[in-house]
Amino acid sequence: MHAIVCLKQVPDTAELPKVEPADVMQGTLKVTRVVNPWDEYAIEEALRLKEAHGGKVTALTLGPAEATEALRAAVAMGSDEAVLLSDPAFGDGDAWTIGYTLAQAIRQIGQYDLVLCGKETVDGNSGLTAATTARYLSIPLLTCVIKIREVDFTAHTITVERLVEEGLEVVSAPLPAVVAVIKGINEPRYPSFRGIRTAARMAIPVWGMGDIAGLEADKASEAAAAVRWTNIRKPPARAAQCEIIEADTVEEQARILADRLLAAKVI
Amino acid sequence: MSVFVWIEQFNGTPVSLSWEVLGKARQLADARGTTVAAIVLGQGVEEIARQAIGYGADTVYLADDATLASFRLDPYAAVLKRLIEEHQPAILLWGGTSRGRELAAAVSADLGLGVAAECLDLRLDDEGNLVATRPIYTGNILTDVVFRRRPQMATVRARAFPMPEADASRSGEVIAIPAVLREEEIPVKVVGFEQAGTGEVSVAEANIIVSGGRGVKGPEGFQPIRELAAVLGAAVGASRAAVDAGWIPYKHQVGQTGKQVRPDLYIACGISGAIQHLAGMRTSKVIVAINKDPEAPIFQVADYGIVEDLFKVVPALTEVLKERLAR
Amino acid sequence: MDFTLSPEHEMIRKTVRDFAEREIRPVIKELDRQHTFDRSLLPKMAAIGLLGICIPVRYGGAGMDYLSLALACEELERVDTSARVIMSVHVGLNSLALFQWGTEAQKQRYLVPQARGEQIAAFGLTEPGAGSDVAALTATARREGDHYVLNGEKMWISLAGVADNFLFFAKTDPRAQPPHRGISAFIVERRFPGVTTGSIHGKLGVRAGDTGWIHCQDVRVPAENLLGREGEGFKIAMSALDNGRYTVAAGAVGLIRACLEASLYYARQRQTFGVEIGRHQLIKRMIGLMVQREQAARLLVYRAGWMKNQGLRNTRETSLAKWYACDAAFESASDALQIHGAYGYSDEYDVERYLRNARGAIIYEGTREVHLLMQADYALGYRSDAPLRCELPAYDADIWQAEANNW
């Protein structure tokens, strides 16, 4: 079994309010960076598959040199190998250039059974890259996966439960496939100290544009991006001034609140 | 160069978000003096095609085929891809559901197009190009997205646009189109389905959400919250703390690793208002906070606050609303 | 001089911080209110390697250095003292003493399962009538053939209710002069007949911690469970305290940081007289002092940790770190409570718990008075440390992390 986990280094969610529009435009966020929380579920799921079936887990990311820290976190949790895709020439890509580059890198990593990733990232929030990666790899995509029901690495099949709006959908697909997981699939483990030791010492390969066979530079670079962000801004602050409802009894407070809500026509 | 909208259905029932998107598409098309085409895929879904005309479509492309009965990426994307190549719409919009996001992303990769995901607003610039506004950094930043290629595609978040009025007298053309893939060409099989709890309102589409946090203290603490929700016809939400403690299933979670919601009314009970939670609900129209701790950050985003034990306030509010709403 | 932490240390810090935030923070207020020790925390700590963090891999540990122990303690006590106490007792006072003084057989039998977290260890020195005056302890150990027979009671023993193994100090020679030369150290298992334990309730602080008593009534302990030699117990106890105090000091740094973080947050939220209270000079004074204490305490702790890594005797430096950090933590908690005003006085906020928790550390593992006198005596030349028969080994990553016995 070989699972490749695509992950991203993102701002610590507690520090997201510190993100300023100017920093987003210049790509210079002054925040602590962590592994995207959704991707931790993907790492955990890959490790559980390894524990159940043997094999190995490779962590893969695209980002600046600092993104190796995210890969080290994945190794500290138990991933066996890691690859960083990093090159100024990638520029500020989007779901299409990144999906294309990840797909080419995955091909170069070699034989694999599964590509796992989180539902979305807490910075871009688009949830597109799992899909673009799957399409560029021409393999099935299974999103919103909350449980891997069965997986057979000999017959190359997988059956998963997907949590969609109406309920749980059970879907089977041939392997290899891209599996995007959601919270609820598992409880990610902490890195072990033994894992931390391994991770701190691991020489993690860095692949630039020229190191990925068959990568067409004009599809991987920022120039190929399909969309552009503009007018980046803080959302309007909530104008609300909180009215604290005070009264002698709870019943009276409830009555006043009900009056306010009816007047606001929200109930 | 018309505006296309994918009309999503599940088991033959249209997803109401699709009508919200169709209503917006109608506005955009009218602004440009162009037409709206709806795309309906499924099996036995002609009725949905007719409804689409009522909600504003001029044309409906209807692919009715057994291979399209349940949503699957490959056969759906193949139909969409062919339609786009044939008709070259200027804009293609999708509801931002689990299926809509996935399908839009796949089609975009197949055709080398861009998608703006989870949009809160759509408008046309002076040249008639689509400008899509969407939240990034989990709601802490807004950006406009502009497109380098056409069609310009966007998925739209639930409740970003109002539900349009259906007009049964509108007329339009339903054009049947074939499926593209045969069953044996489709690798993914849907082998089962379990319905979510019946009668439950999902937080993503709810007009009103009553949410509980750490202050509910246990699974049984959600009972008064459910009772209030029942009176209001509201969905039950929860903070991450309550979900992680195992008091309520994950599908109820609102916030950064849960659902991003924007109901008309959000009642936060015993929720302190961690940054990650606020990120998921701060765009709600009216926010009520019920919390014992007067310094809880939730009061900073609330319109109305009651500093008191939720186990006293929530049942009292339920009783009052039972009387008021019974009229 | 190098004040930077290695990437490995940074990862340890982050891991323990995440652990404490996820496993302890959500439940601690209620555990503290209910005076409940959460046993389920122990296997979770074991799973990530905390319970053997600085023990060599071949003895079941994680093979990290002594500085890592301090980082872990700091991050745990940033959330609650009770979790740090587990490290102090299980790792600092007991397991490191076995590592320092134990025979290979004792290490295999006790240190390995303790470092893996399969067995929990506690430290029985203090008695109802003997605290700072260790030599006054009255527990006895009488040799009978290939056993010792232990009698006596130990008080204020952390983890008394959950530990599998105790380091139990008793007099093998009650008539020795000076009296401390008659003390010996024994490894006592809970399952030995005659061992009983109980809990102590009504503590001011560390209410989520387990504190109790151990009673030995004619407990037959195999002679091979004597740690070190007969009469070496006092030295073993003091060297164990060098490690225990180090963890207490490191934890205190975390407690100061918790006070500072809570105060900074509150000072920016709360408004009085039309401005946030952080704008008031008297609030700034308390914040500034907290910053000063946090930084100074941390540097003292890191120096002690660095000395341990180098294999240098650090009784003096560890005592200074423990004395300063614990006093500083209590002062900081008191200031933090003051900044929070009446809310700080209620248990809706964490700072009152910090204050209660900080108070105990000025008493246990050497009162502030003991440390003050030690520092004066060192300075005056009345006190110096003679080399020990068994020193705590200097940290060597290759040896610590070797899987097999090759040294």
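Predicted model: local features only at pLDDT ≥ 70, side-chain atom pairs only at ≥ 80, totals over all residues.
**Entry 1: domains of chain C**

I started with how chain C is divided. I found domain 1 at 7-120, domain 2 at 122-234 and domain 3 at 237-380. I then looked up the separation of domain 1 and domain 2 of chain C. Their C-alpha centres lie 22 Å apart.

Next came the contact between these two domains. On the domain 1 side of chain C I noted 27 residues, and on the domain 2 side 19 residues. Which helices of chain C supply at least two residues each to the domain 1 side? I listed α1 (7-34), α4 (81-101) and α5 (104-116) of chain C. The largest share comes from α4(C), with 11 residues. By class, I noted 13 nonpolar, 10 polar and four charged residues on that side of domain 1 of chain C.

**Entry 2: where chains meet**

I turned to chains A and B. Here 77 residues of chain B are in contact with 71 residues of chain A. On the chain B side, helix α4 (residues 98-111) of chain B gives the largest share, eight residues. I sorted the chain B side by class: 44 nonpolar, 16 polar and 17 charged residues.

I also looked for strand pairing across these chains. Strand β9 (residues 167-174) of chain A and strand β13 (residues 189-195) of chain B run antiparallel and are joined by six bridges. As one pair, I wrote down L168(A) opposite E194(B) in β13(B).

How many residues of chain B are in contact with chain C? I found five residues of chain B in contact with five residues of chain C. The chain B side has two nonpolar, no polar and three charged residues.

**Entry 3: a sheet with strands from A and B**

I traced an open sheet of six strands. The order is β13(A)-β18(B)-β17(B)-β16(B)-β14(B)-β15(B), and the pairing is parallel. Its edge strands are β13 (243-244) of chain A and β15 (235-238) of chain B, each pairing on one side only. Within the sheet I checked strand β14 (residues 208-212) of chain B, which is joined to β15(B) by four bridges and runs parallel to it. G212(B) has A238(B) in β15(B) as its bridge partner.

Two helices that pack on the sheet went into the notes. Helix α8 (residues 250-263) of chain A touches β16 (265-269), β17 (286-291) and β18 (304-307) of chain B. Its direction makes about 170 degrees with that of β18(B). Helix α5 (residues 222-232) of chain B touches β14, β15 and β16 of chain B. The direction of this helix makes about 175 degrees with that of β14(B).

I looked up the largest nonpolar core. It has 337 residues, and those with the most contacts inside it include V5(A), V5(B), I39(B) and F186(C). Helix α6 (residues 233-269) of chain C gives the most to this core, with 19 residues.

Not counting residues up to four places away in sequence, I39(B) touches F4(B), V5(B), W6(B), I7(B), Y61(B), L80(B) and L83(B).

Why do I call β1 of chain B largely enclosed by the rest of the structure? Five of its five residues are buried, so the strand is largely enclosed. V3(B), V5(B) and I7(B) point one way from β1(B), and F4(B) and W6(B) the other way.

Five bridges join β1(B) to strand β4 (residues 36-42) of chain B, in parallel. V3(B) has V36(B) as its bridge partner in β4(B). Three bridges join β1(B) to strand β6 (residues 91-95) of chain B, also running parallel. In β6(B), F4(B) is partnered with L92(B).

**Entry 4: backbone checks**

I looked for cis peptide bonds. The bond from L175(A) to P176(A) is cis, with omega near 0 degrees. P176(A) is in the loop between β9 and β10 (177-181) of chain A. The bond from Q177(C) to P178(C) is cis too, with omega near -10 degrees. P178(C) lies in the loop between β4 (165-171) and β5 (183-189) of chain C.

D218(C) has phi of about 50 degrees and is found in strand β7 (residues 211-222) of chain C. Is D218(C) buried or exposed? D218(C) counts as exposed, because it has 10 C-beta neighbours inside 10 Å. E365(C) has phi of about 55 degrees and sits in the loop between α9 (351-360) and α10 (368-380) of chain C. With 29 C-beta neighbours inside 10 Å, E365(C) counts as buried.

Definitions and conventions: Residues numbered from 1 in each chain as written. Chains lettered and ligands numbered in written order. Domains from an automatic or database assignment. Contact = placed C-beta atoms within 7 Å. Nonpolar A, V, L, I, M, F, W, Y, C, P; charged D, E, K, R; others polar. Pairing = 2+ DSSP bridges. Axes fitted to C-alpha atoms, helices over the stretch in contact; angles between N-to-C directions. Core = buried A, V, L, I, M, F, W, Y, C linked by C-beta atoms within 7 Å. Buried ≥ 20, exposed ≤ 12 C-beta atoms within 10 Å, placed from the backbone.
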